[in-house]
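Let's take a walk through a protein together, one stop at a time. Have the sequence and the 3D view open as you read.

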Amino acid sequence: MPYRISFLLLFVIAGMQSAMVNAAQIQLSVADIVSPTFSARAIKVTLLQNGSADLHVAEVHVAEKIWNKVHLHCAEFSLSTEKIVCRKGKLDAAPDLPFSVSYVFDTQKLDLRLAAGVNEWWQLHADFHVRPWHISALLRNAQAFRLAALLPASLPLPTQGVLNGTLELLGNKQGLHSASADIQLADLAFSDASGLRAGEKIKAKLHLDATHTAQIWDGGITLDWESGELFWQPLYLRGGHTLQAQVQWNGTQIRLTQASIDVDGVGKIALDALWDVPARQLLAANASGNNLGLARLFSDYAKPFLGAGLMAESEMSGTSDFNWAFSKNATQELKLDLHEAALVDGKKRFAVHGLNADIPWSAQQTTTASLSYSSGDLWGVPLGASELKMTMQGMDFAMADASLPILDGKLSVQDFHLRHELDAWRWEFSGGLTPLSMSPLSLALGWPEMQGKLSGMIPHVSYQEKKLKVDGALLFRVFDGSVVVSGLNLFDPFGPAPRLYGNLDMRELDLGALTQAFSFGNVQGRIDVSVKELELVNWQPVKFDARVASSPGRYRKKISQKAVQNISSLGGAGAAAALQRSVMSVFENFGYDRIELSCVLRNGVCLMDGAEPGVNGYFIVKGGGIPAINVMGYNHEVDWDELLTRLKRVTKGNRKAVVE
């Protein structure tokens, strides 16, 4: 190309020199200049008598970029058989970046210098006479935003920043065959049109050496990202990372070999990868790392992909090793080891400490994972140390049985099965709970201290498409009575507003232990509790049909003054203990025949009733024995929030009954 341009210009010069003597201006036209990577259409050059010149090009096409109506003006222009020179040049597209350019025909040397003031300049020198031909570029405080016009619009484009460094290109008649670059970036900012890929205050160093042989570019690259911030949806990263790699490019595919990424706060990761550029697809990859810091690895590179799920509020610590193999559009193997790791939920729902794991997962082979932890907690309830074994076959995970210590009891899990189907995870299990003491359990949950033991059977439980379902009934023993939970369904349990549906049936609970636990006053006897059509939204009741009533049968029935006062307060304004004040001052405990109170919750209002109708109200406590006492309720409609307020007050013992 340089030879063809030289001969063309010499021919033009020879034909126009005599015409310039008497002409005010001369205009030259060239239809097109075309090469594999560059083309210019409809070129017009106007030479003025005052020594200036204008160049108009209808269209310039470089790689994927197109410019229309390009205009260049040279304030000082000279053209001879020796060289062509343009001084004080100005391009309409960059009026603040004047330039000077010269080309010597004999030596085939090109010099170009662009300068904005005294601080910014871009300098290029090319020698096409030597073999191989040579091009060098030097940048000093070059403004990065000027490169935006040269880059495809689909890429993030620079908006500010400074570049310093050098670029060297070598080639021959066949084209470019080697390239090297040393570039320093400072205060670089860039963004794409959507704002989902952006960087600010980037400071980095780039070194590149590459050679072109047999249609393949092969070279080494080093990128040292020292500081700055990067947002690449959904990742948000800060500087402090280094990449070193061998890179091959055959025109359609990029191959990374011997790549090493030193990730700040994490460790060093080795990587080989093959990327198809036209398809924008990863074809193959292998990555590995040892003793990697889990805290930054989880928070910076895992959590952004977890959305608003259970793990989104969690933090990890400890170290890990991994080996990853990817091909055929899927992960084929993942070997993951955890060393003294911890996983803690930010909302204090769960925590696991002293976590060690050996997880050799394979897409094709059946393998076994081992996992152990030294301690943990679930909603504040302590968990003891445990060891687990799990069989893995592709996206199918199974565990025949496991025993998880909880306080002084154990949760047994049988036939746990986790699998990925139809782009969703599903799991299921069954199990049971051996007796554990209610006292430490209730304190751990922040409840009033309770006595006794809790045990139960857990039927088939499954989770699919954000729905947790219990087939059959959950059976528990508490307060010397039985608890049956049936029809239990929980939607989006780990989301922002879980919804729970179910039924609760408690039989023959010991009222003495129950009222003692909640500082309600002392009531002796047995009680049944029934809650039908229970519906909770974000763990708050919005609907149920509830009934509390004395259990059938013969047993001791006594109620204390404090309990009378508290039950009376639940009936609302006008509720009263139907007993003379003088009698209340004499007796501490009273007999009763039956206790019953019901609430049907709809639209935030509790429709209340009692054991049987009374004058202008209903009996909550029906007296029996000597001395006997009746407690009446008079409000059939009570605001649910108000009723909750009353319950809180009575458990704190600061409510007195209205006594007749």
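Start with a pair of cysteines: a disulfide joins Cys 599 to Cys 606, with 1.6 Å from S to S. Keep in mind as we go that this is a predicted model. If the word is new to you, a disulfide is a covalent bond between the sulfur atoms of two cysteines.

How many disulfides does a search of the whole structure find? The count is two, and the other one is formed by Cys 74 and Cys 86, whose sulfur atoms sit 1.7 Å apart. This pair links distant parts of the chain, with Cys 74 in strand β4 (residues 65-79) and Cys 86 in strand β5 (residues 83-91), 12 residues apart.

Number the bonded cysteines along the chain, and the disulfides of the protein follow the pattern 1-2, 3-4.

Next, let's look at some strands. Strand β8 (residues 120-127) and strand β9 (residues 133-143) run antiparallel, joined by seven bridges. Together β8 and β9 make a hairpin, with five residues between them. To find your place in it, look for Asp 127, which stands opposite His 134 in β9.

β9 has another partner as well. Strand β10 (residues 157-172) pairs with β9 in the antiparallel sense, this time over nine bridges. Here your landmark is Ile 135, which faces Leu 169 in β10. While you're looking at strands, here's a handy rule: in a regular strand the side chains alternate between the two faces of the sheet.

Our last stop is Ser 455, which you'll find in strand β29 (residues 453-464). Why does Ser 455 count as buried? Its relative accessibility is 17%, and the cut-off for buried is under 20%, so Ser 455 falls in that group. And what is Ser 455 in contact with, leaving aside its neighbours within four places in sequence? There's Leu 433, Thr 434 and Pro 435, and then Leu 475, Phe 476 and Arg 477.

Definitions and conventions: Residues numbered from 1 in each chain as written. Predicted model: local features only at pLDDT ≥ 70, side-chain atom pairs only at ≥ 80, totals over all residues. Heavy atoms only, no water. Helix = DSSP H or I, 4+ residues; strand = E, 2+ residues; numbered from the N terminus. Buried < 20%, exposed > 50% of the residue type's maximum accessible area, 1.4 Å probe, protein only. Contact = heavy atoms within 4.5 Å. Disulfide = S-S within 2.5 Å. Pairing = 2+ DSSP bridges.
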